[in-house]
Amino acid sequence: MSFSPYVPIVALFVLGALFALFSVSIAPIVGPKRYNRAKLDAYECGIEPTPQPVGGGRFPIKFYLTAMLFIVFDIETIFLYPWAVSFDALGLFGLVEMVLFIGTVFIAYAYVWRRGGLNWD
């Protein structure tokens, strides 16, 4: 068993980890240290920060529905990559299964669209 095919991958991970550690450790040393009230306040897209209720406030359900839609389509993409790589080996069975999977996702998408889940009010 030879580890030579894995050496470039391990080297890349080590290089990435070293770069991340170096960047995080050197930033406080070489970075500017000009603190003021505006820098220490929470940043809210350039608007003045507004006080929030003690419980943190409530978010509309639209935020959660949109997040769930993104998750569904991300999962679909994750399933499409291995299927595309092994498409030749799967043959007609793989094609039928993927058509059924994409059809199911499309039915869910059409349902959400019809119910107005994609309209941002």
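User: At what angle do H3 and H4 pack?
Analyst: This is a predicted model, in which local features need pLDDT of at least 70, side-chain atom pairs count only at pLDDT 80 or more, and totals for chains, interfaces and linings use all residues. Residues are numbered from 1 along each chain as its sequence is written, and side-chain values use heavy atoms, without hydrogens and water. The axes of H3 and H4, lines fitted to C-alpha atoms over the stretch in contact, lie 10 Å apart. Taken between N-to-C directions on a scale from 0 to 180 degrees, the packing angle is about 170 degrees.

User: Are H3 and H4 roughly parallel or roughly antiparallel to each other?
Analyst: Angles under 35 degrees count as roughly parallel and those over 145 as roughly antiparallel, with 65 to 115 roughly perpendicular and the rest oblique. With an angle of about 170 degrees, H3 and H4 are therefore roughly antiparallel.

User: How are the rings of phenylalanine 73 and tyrosine 109 arranged?
Analyst: Rings of Phe, Tyr and Trp (its six-membered ring) pair if their centres lie within 6.5 Å, with planes under 30 degrees apart stacked, over 60 edge-to-face and the rest tilted. Here the centres are 5.7 Å apart and the planes stand at 75 degrees, so the pair is edge-to-face.

User: Which helices hold phenylalanine 73 and tyrosine 109?
Analyst: Helices are DSSP runs (H or I, at least four residues), numbered from the N terminus. The two residues are 36 residues apart and their pair links distant parts of the chain: phenylalanine 73 is in helix H3 and tyrosine 109 in helix H4.
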